[in-house]
Amino acid sequence: MQNGKPIELGLRDYSKIKMPDVLDAIYQDTFRMMEQEQPGMVILERPVHFKNASSVLALVGAYSMVTLAALHLGVQIGEIRPSELKMQTGKGNADKETVAVEMQMLFGIDYDELAIPVLYKKDDPRGKYKKGDVQQRLFDPSDALALCWAYHQKYIRGVA
């Protein structure tokens, strides 16, 4: 973000890379991106609760690699809790779709850029869905934008 506005959105799929190699990939990608973009600050969502042990390893591992890359490049690190992020939408219990819609309205960004559709590759034999229908959405870009925006609102602008 720059002056409270998003500059660019993107997504990288690490799902095919196994542990611990995925940690190195996250670190290397983050380091290169920070080196190229030279941000003044990196905002991280503070990990607070997990569904299972695999989630703990993945989230804390990714958090640690981004933190390490920022430290190695001397980039300031800011944190925000998920509850603080959700409060910025006006609803303390907002789900990912609600947050994505809020970010879409706030910044005028296409919903499919914020909540990336994952489509079915073939028709269901029982007719429940067709090839090209939305199977699920990946809310990572929306979450990242909301995280930066919430931090900006709370700590830069001072709006609680």
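Let's start with helix α1: 17 residues, and 24 Å from its first C-alpha to its last. That is close to the 24 Å expected at 1.5 Å a residue. The expected span here is 1.5 Å times one less than the number of residues. Helices are DSSP runs of H or I with at least four residues, strands are runs of E with at least two, and both are numbered from the N terminus.

Two notes on the source. This is a predicted model, where local features need pLDDT of at least 70, side-chain atom pairs count only at pLDDT 80 or more, and totals for chains, interfaces and linings use all residues. Residues are numbered from 1 along each chain as its sequence is written, and side-chain values use heavy atoms, with hydrogens and water left out.

Now the overview. The protein chain has six helices and four strands. Along the sequence the pattern reads α-β-α-β-α-α-α-β-β-α. Of its 160 residues, 31% count as buried. Buried means under 20% relative accessible area, exposed means over 50%, and partly exposed is in between, with a 1.4 Å probe and protein chains only. The accessible surface comes to about 10,700 Å², and carbon and sulfur atoms hold 52% of that. Those areas come from the Shrake-Rupley method with a 1.4 Å probe; for residues, only the protein chains shown count as cover.

On contacts, meaning heavy atoms within 4.5 Å: take the pairs at least 6 apart in sequence, and 63% of their contacts join residues at least 24 apart.

Back to α1. Its buried residues are Val22, Leu23, Ala25, Ile26, Tyr27, Asp29, Thr30, Phe31 and Met34. What covers them? β1 and α2 are included in that cover.

Look at both ends of this helix. A cis peptide bond joins methionine 19 to proline 20, with omega about -5°. After α1 comes glutamine 38, with a positive phi near 50°. Glutamine 38 is in the loop between α1 and β1 (41-45). Is it buried or exposed? Glutamine 38 is exposed, at a relative accessible area of 63%. For context, most residues other than glycine have a negative phi, and most peptide bonds are trans.

Next, α2, residues 53-73, which contains threonine 67. Threonine 67 has 18% relative accessibility, so this residue counts as buried. Setting aside residues up to four places away in sequence, threonine 67 touches Leu44 and Ile77.

Salt bridges. How many does the structure hold? Three. The criterion is a side-chain nitrogen of Lys or Arg within 4 Å of a carboxyl oxygen of Asp or Glu.

Arginine 32 is partly exposed, at 47%.

Another pairs lysine 96 with aspartate 143, with the closest N and O atoms 2.5 Å apart. Lysine 96 is in α4 (residues 96-107) and aspartate 143 in α6 (residues 140-156), so this bridge ties together parts 47 residues apart in sequence. Lysine 96 is partly exposed, with a relative accessible area of 46%.

Then there is arginine 137 with aspartate 112, where the closest N and O atoms are 2.8 Å apart. Arginine 137 belongs to strand β4 (residues 134-138) and aspartate 112 to helix α5 (residues 111-114), so the pair ties together parts 25 residues apart in sequence. Both partners are partly exposed: arginine 137 at 25%, aspartate 112 at 36%.

Now the cores. A nonpolar core is a set of buried Ala, Val, Leu, Ile, Met, Phe, Trp, Tyr and Cys residues joined through side-chain atoms within 4.5 Å. The largest has 15 residues, and those with the most contacts inside it are Ile80, Leu85, Val99, Met103, Phe107 and Leu145. Which elements give two or more residues to this core? α4 and α6 do. α6 gives the most, with six residues.

Methionine 103 is one to click on. Beyond its neighbours within four places in sequence, methionine 103 contacts Gly108, Leu114, Ser142, Leu145, Ala146 and Trp149. A second, separate core has 14 residues, including Leu23, Ile26, Met65 and Val75.

Last, α6. This helix has 17 residues and reaches 23 Å from first C-alpha to last, close to the expected 24 Å. Its buried residues include Pro141, Leu145, Trp149 and Gln153.
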